[in-house]
Every structure is written in structure tokens, then in C-alpha cells.
Amino acid sequence: MTIQETSLLRTSAFLDGSWIPADSGRTFAVTNPFNRELIVHVANLGAPETERAVAAAYKAFPIWSGKTAGERSQILRRWYELVMDYKEDLAILMTLEQGKPISESRAEVNYGASFVEWFAEEGKRAYGDVIPSHRRDARILAVKQPVGVVAAITPWNFPIAMITRKVAPALAVGCTVVVKPAEDTPLCALALAYLAERAGFPPGVFNVIPSDDPAEVGKVLTTDPRVRKVSFTGSTPTGKLLMKQAAGTLKKLSLELGGNAPFIVFNDADIQSAVKGAIASKYRNGGQTCVCTNRFFVQDGIYDQFTAAFAEAISALKVGNGMDASVDIGPLINDSAIEKVNRLVNDALDRGARVMVGAELSNTGPRCYSPTLLLDVDPEMDIAQEEIFGPVSSVFRFTSEAEVIAKANDTPYGLAAYFYGNDHARIWRVAEALDYGMVGINTGMISTAVAPFGGVKESGFGREGSKYGLEDYLTVKYLCWGGIEGE
Ligand code: ADP
């Protein structure tokens, strides 16, 4: 599989409508996580270019926000159509730099594009309010305005979708954007910029800053007073650091951080559909999503049946090069990801967990880990406390509803949770009791552009997708219009 439209493969940064090298002339290598082979070198930008990108976005803001929502919508729509036109090339690029199976890359291009399509429409509906006044001589209005220049800092696990779900609502309401993509996956971000350029966004509206020094670029984006909002998806420690840095200029923030998702299977669950949901929520992207299940809780009465059926389904998953269409699980993103999974699994085994499937490196590639199922895991083990970010399931046994709710909530994180069961009263109770921003009930797949994605506790705040995702890029301005009483 090769890319047909070679101009999608960009090696320069996109700043103020131009493709530029780094001031220093420096580049960094982008490699294929499956075999560590070099794909290409891209421009390695730093603080001075980031400041220029912010200046360009600041200058473009009155031009872009001055357009009507309909005018912006048309350009966004063109961008969506271009992304769909080059879907196959973008999917190949994604599997090359990120490693996920090609079918998942195709699905991500669709998913990523769906944010652009959806917000192109929703941007037209950034309604304000006319509020009944407290005074006869005055009228009260609440109008929604774009927040200003937005910095988007994005991770490598969804190289297109994590960008579009921030950028599309921002652009739809009139904000201008500076994107800093993850250093592992800048190519999809640059391809999106190339298609945005072709779609006709004015210079400065959409800028992409590739860099292998995220701290230097991030410092500018979180401290420059012209940036009014930072939207970040990534790890909780980095999110906390960015929040501290942004405090100096009190920027609006959206933080979508780590998770520790529980997946609860009650005795009355349908086993086959629970296994299907478990596979989808755990093994998608090799376990490298922030909503991936991290802890399976299975009730006594169904424990043996569920774990046997789950083990069978896990054993059928094929690991290898994502370019091979028959592969279900690609490589992990880099060497430190493999080291982390090894460490967590070994710690669990040393402390008494039992292997039902896997628990070893796969011989298909240096960063391929065999899909794994561990039983008899204890909540004290590191694997129950840390985000695994790999294809490893750990299963806990429980007896009562109260016990499992307490265990599921016993984490600083609060992003996604899942449960399977058929007692309607309990479904309602458990959905309310889970201290999470998102709950999948009898499903392991919850992500869509039309629903509000986001967490509570140390998983962050802000919502992406849906009408709530638009609000994150708007401010409410109150107009009090006096002197209206009659002659
Ligand atoms: P992950 O564990 O997914 O790599 P990170 O939080 O390190 O999580 O990375 C997510 C994004 O945050 C990436 O784009 C990365 O380059 C960026 N990043 C990491 N450290 C910083 C920092 N100090 N300032 C700004 N961005 C950062």
C-alpha cells in the first residue's frame, strides 16, 4: 500500500498560510513504530516560530471571526470533503506513523472527518439568549463570541481525530488555531493542514507547529497573552503542568487526560455481547486509548463463563504490521510503551496474578505485545492503578453492587466506565453512581462526534463533540441595553 497523492506527505511546518522550515534548519525523524524504519524528517520548530504562529493567528482572528457562520461553514465543508476524498491515503499515512491496523485508520479518518462535518453545521447554531429584564427601561441579551486564538496540543494515539475534534468547533465559531501535534505523529497533522489550505482557510487561521521539543513550544502556547484558550489531550501530569503554566494569563482550558476505565459485568449480563464489548473497549488501537478498559470487574456467578469466553476471543486476535489487512493489533507506539507494559505485567505476576492468555512479547515485531488476559488481579497492583496503554486485560472478581461501585470509583481518574447487565433498576443506579464523565451501558464503543466526550476528577474537564463541544470555544457576553422606556 502506498500513498497516491504524494503532496499529502509534508515535511515543512504550516505557518501563516506558508510551508516553512525551522529557523534553525533542524529536522526530526518520524519513524514507523512497527519496524522503527525512517519515514521522513520534518521541520523541528521552536519558540520563535511558535510566537510567529501565534501572531499570525492573532492577526487572522478579526478576519475569520468577521465572516458569517455560513461562510465559515462552507470552507469547513470543503475541508471535510477533501479529507474524505483522500481517505485511503490518509489511512495509509496514519498506519505508517502510528501503527494501528489499516481498518482502524480508515475508521479514524471517517471519525475525524465527522467532527468537521458536524461542527460545520453546528457553528451556525451558536445561539445566544434574550433574557426577561429586571428593569422596564432595559433589555438584557447574552451573545456568544469566539474565545480568540486557540492552542491545540494533541496526542499520537488518534493523529487525525484528536485534532479535528478541537479544531473543527474552534474554527466553526470563528476562533483561529495553532496546533502542536505529537512528535510521534506529525504527518497526519501536516496532511490535514495541506487539505485545509486547499479548502481555502485564510492565512493564519490554521497553523501547525511540528516539534520534538514540546516543552519549548508548549511554554509559548500556554504563556503568550494572545492565546486565549488551550485545548489539550494527553497525560494527566502534562495536563497539570500546562494548567499551571496557563494560570499566569488565566486562559480558558479544556483538558482531556488519562483514564482508568472500569468494565463491570453483572451476573445477568449477556455474555456474548459483554465479550464483544470488552474486546472493542480494550483492544482497539492495541489498548492505546484513554477510554480503553483498564480494569475488568466480573461478578461471582458469571466469572468462569465470562473469562473463558473472553480468553477465547482474545486468543483469536492477530498481532503484527498494521498494513496487513488481517491484523487486529499493531505495534505499541514506541520502546517506552513496551517497557511500561512489561513492567506492569511482571509486577502483577510477581504479586500473584495468573496468566490466562499471552503475557509476553509477540515474535511478529519488536514493539508487538501479545494480547493478554490476567486473572486474580488485586487492586493494589500497579496494573490496577496506572493506565496500561497496551493490549492487556486484568480481571477482578466481585460479589455485590455496592462493592464494585466502591472499587470502580477508587481511582483519581474519571473518564470512561462501562457495564453490562439487564436489571433496569440497577442500570439506572449504577450509571448514576459511577464517578465518570462517560458511561457505556451494554456497549464498549462510546465515541462519536454527536456526544459530549470528557472526564471528571483528574481526567480533566471540558467536553468535545456535540453542542457542548461548541461551548468550549465560546464566551458569553452580557449586553445590558438601557434607556429604552417610551417617550
Ligand atoms: P503521552 O503519554 O500520550 O505521550 P503526553 O502528555 O506526554 O502524553 O503527550 C501529549 C501531547 O502533549 C503531545 O503532543 C506532547 O508533545 C505534548 N507535551 C508533552 N509534554 C509537554 C509540555 N511540557 N508542554 C507542552 N506539550 C507537551
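**Before you click.** The model is predicted, so to speak of local features a pLDDT of at least 70 is needed, side-chain atom pairs count only at pLDDT 80 or more, and totals for chains, interfaces and linings use all residues. Residues are numbered from 1 along each chain as its sequence is written, and side-chain values use heavy atoms, with hydrogens and water left out.

**Stop 1: the ligand.** Select the ligand and the 17 residues around it; Thr154, Lys180, Glu183, Ser235 and Thr238 come nearest (a residue is near if one of its heavy atoms lies within 4 Å). By class, this shell has nine nonpolar, six polar and two charged residues. Here Ala, Val, Leu, Ile, Met, Phe, Trp, Tyr, Cys and Pro count as nonpolar, Asp, Glu, Lys and Arg as charged, and the others, Gly among them, as polar.

Now show the polar pairs (N or O atoms within 3.5 Å):

- Glu183: a polar side-chain atom is 2.5 Å from an oxygen atom of the ligand.
- Ser235: a side-chain N or O atom lies 2.8 Å from a ligand oxygen atom.
- Pro214: a polar backbone atom is 3.4 Å from a nitrogen atom of the ligand.

On its own the ligand has 550 Å² of accessible area, and the protein covers 78% of that (Shrake-Rupley method, 1.4 Å probe).

**Stop 2: the elements around the ligand.** Colour helix 7 (214-223), strand 10 (227-233) and helix 8 (236-247): each supplies at least two residues of the shell. Helices (H or I, at least four residues) and strands (E, at least two) are DSSP runs, numbered from the N terminus.

**Stop 3: the largest pocket.** The ligand takes up the space of the largest pocket (more than half of its atoms lie within 2 Å of the grid points). A pocket is an open set of points on a 1 Å grid over the protein atoms alone, with protein on both sides within 12 Å along at least five of seven lines; lining residues have an atom within 4 Å of a point. The volume, the space filled by probe spheres set on the points, is about 900 Å³. Of the 38 lining residues, Pro155, Trp156, Gly234, Ser235 and Thr238 lie nearest the centre. Helix 8 gives the most to this lining, with six residues.

**Stop 4: the largest cavity.** A cavity is a set of points where a 1.4 Å probe fits but cannot get out. The largest cavity holds about 40 Å³ of space. Select its lining residues, including Ser254, Leu255, Glu256, Phe453 and Arg463. Strand 11 (residues 252-256) gives the largest share, three residues.

Note on methods:
Polar contact = N/O pair within 3.5 Å; in protein donor to acceptor, adjacent residues only side chain to side chain.
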